Every structure is written in C-alpha cells, then in structure tokens.
Amino acid sequence: MKNAQGRKSVANGFDFSHGLEGLDADEAAVVRRRQKVLGTMGPLFYNRPLHVVSGSGVHLRGADGADYLDCYNNVACVGHSNPHVRQAVADQLGRQNTHSRYLQDEVLDYAERLLATFPGAIDHVAFTNSGSESNDLALRMARVATGHMGVVVTQGAYHGITSLVSSVSPSFGTGLPLAPFLATVRVDDALHDADGSGDGTGDGADGAAASDAAADAVWAVLGPRFNQAFDALEHGGYGVSCVLIDEVMSSDGILPGARGWIARLADAVHARGGLLISDEVQAGFGRMGGVMWGFQRHGAEADIVTMGKPMGNGIPVGGVAYRHPIGDAFAACTRYFNTFGGNPVSMRAAGAVLDEIERLGLVAHARDMGDRLARDLSEILEGHERFGGLRHAGLFLGIDVTDGADDGGAAQPDGAAARAIVNALRDDEHVLISAAGPGDAVLKVRPPLVFDDSDADRLLEAVRHICERGLFDR
Ligand code: PMP
C-alpha cells in the first residue's frame with residue numbers, strides 16, 4: 001500500500017499510526033522505548049510486534065515465554081545460535097580481527113572455498129558487510145566494465161538501501177525518485193503459474209525438455225519486455241550496463257519461475273553489451289534446493305553474483321563474485337577497500353556456515369523438505385476459496401491469498417486476508433511467516449534450512465487450524 005507521498009509500506013508491517021492498542025504491557029513498553037530512540041523509520045513485523053529474547057535451531061523464545069516456530073528466517077540458515085558458528089566466531093575474536101589491508105589466511109581460506117562452489121568462469125570475489133553493499137559494488141563494477149549506465153530490474157524488485165541500490169529498487173515506492181537510468185520489467189504475470197519444484201539440475205531428458213518448453217513460454221512473454229527496456233535505456237543515452245535480478249523474485253511475489261528462462265535473459269543482456277548480475281542474497285547458499293546458487297537452476301551463467309543474508313548466519317558479511325576481467329576493468333580506474341569487508345571474524349563465521357551446509361547436506365535437504373512442504377500445504381489448502389496457488393523452489397514458498405472471487409469474476413489478490421492469516425499464525429499458533437508481492441497477498445514461508453520433519457508437522461498442524469477457523473474461506 002502507498003501513502004500520499006508515494007512511500008510503500010512494508011508487507012506485514014506494524015502500523016505505528018494505530019497506536020499501541022491491542023499490545024500487552026511488555027510489548028507496548030518495548031515499542032515505546034524503541035520509538036523514542038529508533039523512531040519510526042524502521043518497520044516492525046506483525047500487528048503485535050514480537051519481543052524475541054533467544055533462539056535455538058528453528059525456534060525463537062519470546063519474552064512472553066512462548067516457543068515460536070521460525071518459518072521466516074533465511075539469515076539463520078544453519079539455525080539460531082548454531083554452536084559451530086558460535087565457536088568459530090569466539091575462537092577468531094580471541095585471535096585477531098583487524099582490517100583487510102594485511103595478509104590474512106582467514107579471508108583466503110574462505111575465498112578459495114566459496115569460489116569452488118561456482119560453476120563457469122566466476123573466479124574472483126570481493127567481500128562486503130551486507131547485501132546492499134554487495135549490489136552497490138556490483139552495479140559500479142558493471143558500469144565500469146561495460147561503459148554503460150543503464151540498469152534493468154523487475155517491477156517489484158528490492159535490492160537494498162544504499163543511495164545507488166535504493167534508486168534501482170522500485171519496491172520502495174516513489175517517495176524518493178528512482179534512478180533516471182533505470183528500466184523496470186513486469187514479471188509476476190508471466191511467472192505466476194510456474195512452480196520451481198525439483199532439484200533444478202534437470203529431471204533427465206523428459207524433464208529437461210519440459211523445462212525447455214516452459215522456459216520458452218516464459219521468454220515468449222518476457223523477452224519482448226526486456227528488449228523494450230533495453231531499447232528505452234539505449235534511446236535515453238544510458239546504454240545497458242546490467243540486468244540485476246533476484247533469483248527468487250522475493251518482493252515480486254516469490255516467483256522462482258520455469259527453469260531455464262534466466263539463461264535466455266543472460267543471452268539477451270549480453271547481446272546489448274550488458275552483464276547479468278545474479279542477486280543471490282535471498283536465493284543463494286542452497287535455499288533453492290538441489291543447487292547452491294539460484295542461477296544454477298536455469299543452467300545460466302551469471303557475470304557477477306551478489307551475496308549477503310545467510311552467508312554468516314547472522315554475522316554481517318556479504319560478497320561479490322565475478323569473472324576476473326570485470327574486476328580488472330574496475331581496478332584500472334578505481335579501487336575497492338572496505339574496512340570490515342572480509343574481516344577474519346566474518347570469514348570464520350562464513351566458513352562455519354559452509355561447514356554446516358556440507359555436514360548436514362542442507363542443499364539436498366532444502367529440495368526434499370521444500371517439496372514435502374509444498375505437497376502437504378497444497379493438500380491442506382486445496383479447495384479453500386481463498387487459496388490461489390502455491391509456488392516454491394527449495395525452502396522458499398509463496399502461497400497466494402485471494403478474495404475467492406465471490407462475484408463470479410477472476411479471484412483478486414487479497415492483502416487484508418493474507419495479513420489476517422499471518423497474524424493468526426503468529427498470535428494463536430506461535431508460527432512465524434510473513435507476506436510479500438503485489439498487494440502483499442502472497443504468504444512467504446522461508447524457514448532456516450535446518451527445518452526438519454517435526455517442524456514441518458507443527459507448521460502443517462497450525463495451517464490446518466487456520467483453515468478450520470475459516471481464514472482461508474470467504
Ligand atoms: N537483495 C535482496 C534480494 C534482498 O532481499 C535484500 C534484503 N532483503 C538485499 C539485497 C539487501 O540486503 P541487506 O539488507 O543485507 O543490505
């Protein structure tokens with residue numbers, strides 16, 4: 001929803017203008033205290049913001065003493081308070097944690113390990129402290145490497161908070177102007193019906209053929225739109241430096257899409273002299289199931305890959321991986337130094353995350369658990385009037401909530417109904433999810449990768465209760 005100044009409020013945000021009615025005494029006191037120092041710029045989730053005091057695995061303990069099942073956390077990908085990550089961080093803090101202009105083994109150990117996870121020609125990496133910084137650096141690198149300025153993103157994209165990156169993030173609304181060198185492409189209609197299930201590596205010959213046909217169908221709609229965006233940037237004198245793409249289209253409504261279409265997009269942007277920047281802040285580190293990186297689902301080759309959120313399991317760390325000629329071009333005209341980027345503590349945390357992903361087989365687990373959740377949730381929701389469909393890739397699921405089309409017309413997204421479901425799950429079932437997409441009407445389910453069968457049982461039971469209460473019906 002947009003206000004008069006064009007600001008788009010965050011999905012599932014606490015509405016400060018409604019005051020503190022409905023909150024218990026502790027919640028109201030903490031919200032008041034927070035507002036006094038942090039103001040209202042930063043959103044809070046839920047009608048009753050959650051006061052968290054501790055966490056373990058996929059569980060968060062509230063100040064109310066309740067155990068909340070966290071089905072919304074891609075940062076704590078290997079679990080809240082993961083002991084292996086904690087040990088690595090504590091050990092490194094006891095050794096040294098200075099800046100990156102010294103020779104240090106920690107950054108090299110991690111860089112070598114991380115780069116080994118990339119297919120194709122990606123052979124270098126730079127480290128940052130967040131997804132926003134990663135995208136900011138990637139855009140600057142693309143600009144230098146191509147000599148062009150123009151950026152293409154999806155219509156609902158979110159890529160972060162720096163001045164540059166926020167100006168290419170239409171999901172903020174129009175309260176601050178977007179960049180003049182930005183062109184946006186609508187994708188939600190074309191990707192809406194494609195579920196991204198399976199391991200993303202092809203299901204044998206038949207699966208690959210089916211996937212090719214689906215990708216062709218998507219590209220038949222999106223190809224002309226992207227080419228129109230490229231044309232607009234060229235006519236505007238900006239040229240095409242890159243397409244910056246969130247591989248799961250989280251803020252566009254969770255649209256993993258038919259496998260293969262991103263490979264066609266890569267060809268199209270290359271034909272204009274631009275680069276494909278794969279924003280893996282959401283999709284990366286196994287989240288899509290069966291593959292480490294979202295672009296691998298498509299058999300595509302990205303030129304630059306940006307990372308953040310899950311990389312350090314909560315320790316701030318991000319990265320930009322790239323083909324080395326892109327970095328060489330950047331180095332020829334400027335330099336990159338980032339005081340905290342690549343610091344030894346963050347590198348040890350990130351290394352411990354890779355250890356856990358490997359030790360627990362989380363890339364395959366994300367595929368299997370995601371497929372189970374998609375199947376079981378669909379079974380529960382099928383037949384309920386407000387259920388508009390489910391899409392997923394790995395452990396990232398989007399569930400459409402509609403008005404149920406009581407007037408005989410096509411069902412429309414219903415953000416208010418989605419909000420009611422999200423808050424009922426939080427208040428009455430102690431299960432945490434959120435919403436995203438057009439009208440904030442897509443339920444977003446994205447648990448830590450260590451989510452297991454008993455956690456799934458609890459989530460499904462909670463959704464059953466919500467259905468019994470009629471929240472998925474008109
Ligand atoms: N890209 C995407 C796709 C994101 O979802 C986010 C954060 N939600 C970012 C970039 C920015 O990451 P950060 O908040 O770590 O700066």
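Me: About how much space lies in the second largest pocket?
Reply: This is a predicted model, where local features need pLDDT of at least 70, side-chain atom pairs count only at pLDDT 80 or more, and totals for chains, interfaces and linings use all residues. Residues are numbered from 1 along each chain as its sequence is written, and side-chain values use heavy atoms, with hydrogens and water left out. On a 1 Å grid over the protein atoms alone, a pocket is an open set of points with protein on both sides within 12 Å along at least five of seven lines, while a cavity is a set where a 1.4 Å probe fits but cannot get out. Volume is the space filled by probe spheres set on the points, which are joined across faces, edges and corners, and for this pocket that space is about 480 Å³.

Me: Which residues lining that second largest pocket are the closest to its centre?
Reply: Lining residues have an atom within 4 Å of a point. Of the 24 residues that line this pocket, the closest to its centre are Val 107, Val 125, Ala 126, Phe 127 and Tyr 336.

Me: How many residues of this pocket's lining are nonpolar?
Reply: Ala, Val, Leu, Ile, Met, Phe, Trp, Tyr, Cys and Pro count as nonpolar, Asp, Glu, Lys and Arg as charged, and the others, Gly among them, as polar. In the lining of the second largest pocket, seven residues are polar and two are charged, and the nonpolar ones number 15.

Me: At about what angle do α4 and α10 pack?
Reply: Helices (H or I, at least four residues) and strands (E, at least two) are DSSP runs, numbered from the N terminus. Both α4 (131-146) and α10 (324-333) supply at least two residues of the second largest pocket's lining. Axes are lines fitted to C-alpha atoms, for helices over the stretch in contact, and angles run from 0 to 180 degrees between N-to-C directions. The axes of α4 and α10 are 8 Å apart, and the angle is about 85 degrees.

Me: What does that angle make α4 relative to α10, roughly parallel or roughly perpendicular?
Reply: Angles under 35 degrees count as roughly parallel, over 145 as roughly antiparallel, 65 to 115 as roughly perpendicular and the rest as oblique. That makes α4, relative to α10, roughly perpendicular.

Me: Which residues of α10 make the contact with α4?
Reply: Contact means heavy atoms within 4.5 Å. From α4 come Leu 137, Arg 140, Met 141, Val 144 and Ala 145, and from α10 come Ile 326, Gly 327, Ala 329, Phe 330 and Cys 333.

Me: What is the volume of the largest cavity?
Reply: A search of the whole structure finds two cavities of 30 Å³ or more. The lining of the largest one has 11 nonpolar residues, with no polar and no charged ones. Its volume is about 80 Å³.

Me: Which element supplies the largest share of that cavity's lining?
Reply: α13 (415-429), β15 (442-445) and α14 (453-468) each supply at least two residues. The largest share, three residues, comes from α14.
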